[in-house]
Amino acid sequence: MRFMLCLAALGLAAPAYAEVFEMNGHFPAPYRDVSLARSIGIDRIAGRDGMALGLAIEGQLSRRGPDGRPYYDLVALSRRGPDADVLVSGMADASVREGDVKRKVEQCAEKQGDKCVRKDKVEATCLQEMVSFSSTLRVARSDDGRILYTQTRPQSETITTCPGDKGKPSPREVVARMVRTAADRFADDILPRHEDYRIRLREGREGMDKAMGQAFKDSIRLSQRDPVAACGQWAAMAGTLPGHPSLLFNAGLCAERAGDYAGAEHAYRQAGGAEEDATRVRGLAVGRDDAQRRATEG
């Protein structure tokens with residue numbers, strides 16, 4: 001799953017939001033304590049599907065990282081070591097319940113040669129297979145056993161197969177997909193990301209006179225070709241019309257684009273922006289610090 005932000009800012013009126021700033025940044029993992037570990041080992045995952053889930057997690061972690069390379073050192077656990085910083089354990093079990101259900105299905109009622117020329121809907125007995133999968137994963141530090149992560153995620157899907165149906169997945173295929181989904185969600189929880197994202201500019205001109213309104217409109221268009229120049233124009237306009245929400249919000253985007261996350265948060269709050277804008281830049285600051293820390297220690 002890829003992270004793409006297209007957040008509309010709150011405005012005094014209801015302006016059309018068309019232009020965006022394209023930026024990139026480090027986003028911290030939802031479970032940051034886990035992400036600060038250097039190495040990770042897959043301990044025993046109990047249950048009928050535990051081994052399959054463990055292998056799927058190894059596959060995810062070996063392929064995914066902020067730069068496309070593995071983020072963690074994957075350690076094969078053994079009595080002789082080496083020890084991993086954190087250990088993954090848990091359980092995974094799937095079950096299938098079968099039953100008959102009545103469904104209306106189309107059947108050929110009249111043929112001309114090998115061609116069906118008329119179909120009728122008739123009641124048929126169909127096989128219903130209810131696939132349930134539950135996985136519980138836990139991450140603990142190997143030195144003191146402190147639990148850093150625990151999640152239980154159930155999944156379910158119903159397969160109904162009627163006479164004449166083709167291409168329906170088997171329960172085992174559904175379980176295999178659920179195992180991959182569980183591994184993917186786990187990786188999303190513990191891996192930081194360095195990604196491109198887009199934020200919409202605020203374009204409302206309420207409170208501006210005609211000349212400034214036109215200049216602001218022109219600067220919005222300019223921002224797509226030369227964002228630095230547009231940011232300079234917005235700063236100059238703010239000196240003439242201090243406190244205007246569009247100018248404040250776009251100043252926040254300029255600060256965010258430049259990596260001044262504290263300045264961006266301040267501008268968003270002055271502009272009356274959504275809390276998610278402030279939350280995003282606080283997260284970006286943490287993600288950048290974590291990435292720099294890892295690079296320094298590496």
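1. The side chains of Arg280 and Asp277 are joined by a polar contact of 3.1 Å. The model is a predicted one, and the distance is computed from its atoms. Arg280 sits in helix H8, which spans residues 275-297. Its relative accessibility is 6%, so Arg280 counts as buried, the cut-off for that class being under 20% relative accessible area.

2. Helix H8 packs with helix H7 (residues 261-271): the two axes come within 9 Å and cross at roughly 175 degrees. H7 is therefore roughly antiparallel to H8, since angles over 145 degrees fall in that class. On the H7 side the contact is made by Tyr261, Ala264, Glu265, Tyr268 and Arg269. On the H8 side the contributors are Glu275, Asp277, Ala278, Arg280, Val281, Arg282, Leu284, Ala285 and Arg288.

3. The largest nonpolar core has 32 residues. Those touching the most other members are Leu53, Ile57, Leu61, Tyr72, Leu137, Phe186 and Ile190. At least two residues each come from strand S2 (39-46), helix H2 (50-63), strand S4 (86-112), strand S5 (115-141), strand S6 (147-161) and helix H3 (171-190). Which element gives the most to this core? Helix H3 does, with nine residues.

4. With neighbours within four places in sequence left aside, Ile190 contacts Ala29, Val34, Ser35, Ile40, Leu61, Tyr72 and Tyr149. Two of these partners, Leu61 and Tyr72, are also listed among the core residues that touch the most other members.

5. There is a second, separate core of 27 residues, which includes Phe216, Leu248, Phe249 and Tyr261.

6. Glu19 lies in the segment before strand S1 (20-27). Is this residue buried, partly exposed or exposed? Glu19 has a relative accessible area of 24% and is therefore partly exposed. Beyond its neighbours within four places in sequence, Glu19 is in contact with Ile199, Arg200, Leu201, Glu203, Ile220 and Gln224.

7. Glu19 and Ala285 are 266 residues apart along the chain, and their C-alpha atoms are separated by 25 Å.

Note on methods:
Residues are numbered from 1 along each chain as its sequence is written. This is a predicted model: local features need pLDDT of at least 70, side-chain atom pairs count only at pLDDT 80 or more; totals for chains, interfaces and linings use all residues. Side-chain values use heavy atoms; hydrogens and water are left out. Helices (H or I, at least four residues) and strands (E, at least two) are DSSP runs, numbered from the N terminus. Buried means under 20% relative accessible area, exposed over 50%, partly exposed in between (1.4 Å probe, protein chains only). A polar contact is a pair of N or O atoms within 3.5 Å; within protein, one must be able to donate a hydrogen and the other to accept it, and residues adjacent in sequence count only if both atoms are side-chain atoms. Axes are lines fitted to C-alpha atoms, for helices over the stretch in contact, and angles run from 0 to 180 degrees between N-to-C directions. Angles under 35 degrees count as roughly parallel, over 145 as roughly antiparallel, 65 to 115 as roughly perpendicular and the rest as oblique. Contact means heavy atoms within 4.5 Å. A nonpolar core is a set of buried Ala, Val, Leu, Ile, Met, Phe, Trp, Tyr and Cys residues joined through side-chain atoms within 4.5 Å.
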